[in-house]
Amino acid sequence: MPVSNTDAARIGFFLAVLIGLATGPYWADRGTMRLLIEAFYFLALAQLWNLLAGYSGLISVGQQAFVGLGGYMLFTLTMFAGMPVVVALPLAGVLTGLLAWPTAMVAFRLSGPHFAIGTWVIAEVYRLSFAQISALGGGSGISLPTDIVRGMADGRAARESMTYWIALAIMLAVIFGIWVLMRSRVGLGLGAVRDNEEAATSVGVRTVRLKFGVFVGVAAMTGMIGALIFLQKLRITPEAAFSVNDWSVLVIFIVVIGGIGSLEGPILGCILFFVLREFLADLGSWYMVILGVISVGIMLLEPRGLWGMVNRKRRFTLFPITRQVDQNP
Amino acid sequence: MTDLLKIDGLDAFYGDFQALFRIDFKMAEAETVALVGANGAGKSTFLKCLTGLLGTRGQSVVYRGTNIAGLPSFQIARQGIAMSPEGRRLFPSLSVRENLMLGANVGRKGQWDLAAVQALFPILEEKRDIPATLLSGGQQQMVAIGRALMSNPALLLLDEVSLGLAPVIVRDIYAALPDIRAGGTAVLLVEQDISMALQVSERMYCFQEGHVSLSGASAEMTRDMISAAYFGRDKEVT
Amino acid sequence: MEWINAIVQGILLGGLYALFAAGLSLMFGVMRFVNLAHGDFIVAGAFGALLLFERLGLHPLLTLVIVLPVMAVFGYVGQRLVLNRVVGRDILPSILVTFGFSVILQNLMLEQFSADSQRLSAGALDTASFAIGTLSIGAVPLLMFGAAVAVLGGLNWFFGHTNTGRLLRATSDDGEIIGLMGADRRHLFAVATAIASAVVAIAGVLMAVKTNFDPSAGPIRLLFAFEAVIIGGLGSLWGTLVGGIILGVAQGIGAQIDPGLQILAGHIVFLIILVVRPQGLFPKQKG
């Protein structure tokens, strides 16, 4: 297929953004880098939640379970198994995915809105359980020993650059992975399930297996992001690791405001979220009220979010997923 | 006779799918009309339009001189159109008596109350405290018709009354029709059994693929005309 | 003896959980709709009682005279104006809108009442108790349990013996054709929410007397309510009482083992029942 003008423009745009972000450690100061790292992992979490809720119809309010598990796995693997951070990070994701397996078997007994609350209960179980493990500091949490952190790279600047690049790589991998997934047969099956589960099942889409696979895969990636988050924070507590406000409420707001069910939406939502935060964070709880009102308003007025508003007039897409179907049936 | 119902060029859609095309339809007060047609011809869709279960906003469905198109179903019910829906749709957690009582919720006065319906279908009195969906198919159909009658409708819509029932039971149910009509209630019945439909009705319509393919006085219909209209070998309208 | 006491306290606490659960169960039954802000509305009811107690000097239980109708009206209007727009086949909007309400409400209460833990004193009632053998039963827990039985009994009577009750049950069975019965489904939905909100008000006021609460206390109440509903079986009001009791007893026994295990024990019993009997103990009969 020849590369069209819009494709060329798109590729050029991506390359420019990519180079700009990849060279971050060379142009950004420490504060900016911290902010960008945070933006990267929030965007990755948002994309993953969107894959669950927007593309697979699995509305979870318990993704903090996997953020927390990943974080605790990283601490356990580095502190007690003596693993280097770069090995522990992906392994934390894998282990989280393994734990997500039985979690999903329980949660999948509930459907629809009950699934949402069920995942929340399970996240609470993890939180309360980790608060009982005294080797990990119980309820008051634990800090990552400095020698483990020093083992990552020589010097603070190098460490921070490394964390930055890992965060960037995870974020890009999540977006690219979802894009590839949605263009594959799996994406087609998920779309069918989301539109009409009964019909999809009747034409042979293995609904439950598909959803199960997505849930576990998302959990594994979420776990790896969780590991990264607490590697950066250097300290973990059950409250912070399994925080519904940080890892579900904010993530859901980002997706809803930006636009659920598209890859562009969470990006837009994430940018807006950080801009709003810079200006409104001083307002304290009013800031959360404002975010809540915006989210509710968007759900009521334009459920496709800001991206849906931008896109209403002109069909335009950064990530072409939709297949063109012959117009004549 | 004045028109009870007059419909001009009704279209109906399920999403992008068009199920009815420019249907013209008329009924007089107290008239009995049969609506026949193959599966998927749009008969049930048509009844859903009449009762407001399917939107008809901006179209022309004139009932007793006012356009009821686009009204919500509860307002149409209060104006006197009742339906025994396809598949009967009884409420499983309600007893027979409670199902019947719900029909009275429409709040129209008239000859039909619990006693009258139970006199029409005596078995419903005997089974009054049993959950409605535990009854036999024929008895469930009686509950569905009774529930519709409880609203004292001016127009009663009966969708596929005989579906899945033994002929002897169908005859029992149709035996109630004269009593229903005696009070001046007009009846529009959708029926698969064409000879039954022609026998009890004064006029008939045949739908085919969402169009009216035949209409006229029931007594004048021949078997050939109907099978042509039914299966579409001949689209000529009498 | 301590164990028996823990179990008895757990049973009585189950009454409060049944009150948390009844509203949730009712709304799901009629509308297939779960209000994720349910717990926050309970806490709002508690703060409402606190406000009336402090400003008007009303007895905590008497505040219900104002809190209950205010919340019922709020529920009706909220359903008509907002929630009816998101009820439907697609559950995503309803979950996200009520989740948004949860966050908004929590933060508004935080702004208004601060994060301090509050408690409403019912005077002499707080410490009154009855002795049965060596067992001491507090007046407040007993009152809660009695209120739960009364509310559930009242709701059951309402659903069985009134026209509106019948309409709500019919809507739960097959809401699509309720219009054929001459009933406005949007109004019935709002009535269901109004009733649920009235129960929430009762639960909130009793909770304020029974335990400490703060603006962030809502979500855990949502989870308790949800667990009681699922344990009891969807669509069964008395089932929610049994579900609440099982949850309360599990928590009581957990706390007896180690205070840190109280909530966890309840969650774990819930998950076990979910795995062993996902339809709950008293599922609604299918006709």
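Helices (H or I, at least four residues) and strands (E, at least two) are DSSP runs, numbered from the N terminus. With that in hand, welcome to the close-up views. This is a predicted model, in which local features need pLDDT of at least 70 and side-chain atom pairs count only at pLDDT 80 or more, while totals for chains, interfaces and linings use all residues. Residues are numbered from 1 along each chain as its sequence is written, chains are lettered from A and ligands numbered from 1 in the order in which they are written, and side-chain values use heavy atoms, with hydrogens and water left out.

View 1. Glu124(A) and Arg127(A) both belong to helix 6 (residues 113–130) of chain A, where they sit three residues apart, about one turn of the helix. Their side chains meet in a salt bridge at 2.8 Å, N to O. A salt bridge here is a side-chain nitrogen of Lys or Arg within 4 Å of a carboxyl oxygen of Asp or Glu. Over all chains, this rule gives a count of 15 salt bridges.

**View 2. Where chain A meets chain C.** Two pairs of chains touch, and the most contacts are between chains A and C; contact means heavy atoms within 4.5 Å. Chain A brings 36 residues to this contact and chain C brings 40 residues. About 3,600 Å² is buried between chain A and chain C, with carbon and sulfur atoms giving 85% of that area. Buried area is the accessible area (1.4 Å probe) that two parts lose on being put together, summed over both. On the chain A side, Arg109(A), His114(A) and Ile117(A) supply 17% of the area buried against chain C, more than any other three residues.

**View 3. What lines the chain A side of that contact.** Between chain A and chain C the count is zero salt bridges, and four residue pairs are in polar contact (both at pLDDT 80 or more). A polar contact is a pair of N or O atoms within 3.5 Å; within protein, one must be able to donate a hydrogen and the other to accept it, and residues adjacent in sequence count only if both atoms are side-chain atoms. The elements of chain A that give two or more residues to the side touching chain C are helix 3 (30–56), helix 6, helix 13 (244–258) and helix 15 (285–301). Helix 6 of chain A provides the largest share of this side, twelve residues. By class, the side has 27 nonpolar, seven polar and two charged residues. Ala, Val, Leu, Ile, Met, Phe, Trp, Tyr, Cys and Pro count as nonpolar, Asp, Glu, Lys and Arg as charged, and the others, Gly among them, as polar.

**View 4. Where chain C meets chain B.** Here 20 residues of chain C are in contact with 21 residues of chain B. Together the two chains bury about 2,000 Å², 59% of it on carbon and sulfur atoms. In chain C, the most area is lost to chain B by Arg166(C), Leu180(C) and Met181(C), together 33% of what that side buries. Three salt bridges are found across the interface of chain C and chain B. Look for Arg169(C) and Glu98(B), whose side chains meet in a salt bridge at 2.9 Å, N to O. The count of residue pairs in polar contact between chain C and chain B is nine. Helix 6 (residues 163–174) of chain C gives the largest share of the side that touches chain B, seven residues. That side of chain C has seven nonpolar, five polar and eight charged residues.

**View 5. A loop residue of chain B, Gln59(B).** This residue is found in the loop between helix 1 (43–51) and strand 4 (61–63) of chain B. Gln59(B) and Asp11(B) are 48 residues apart along the chain, with their C-alpha atoms separated by 8.0 Å.
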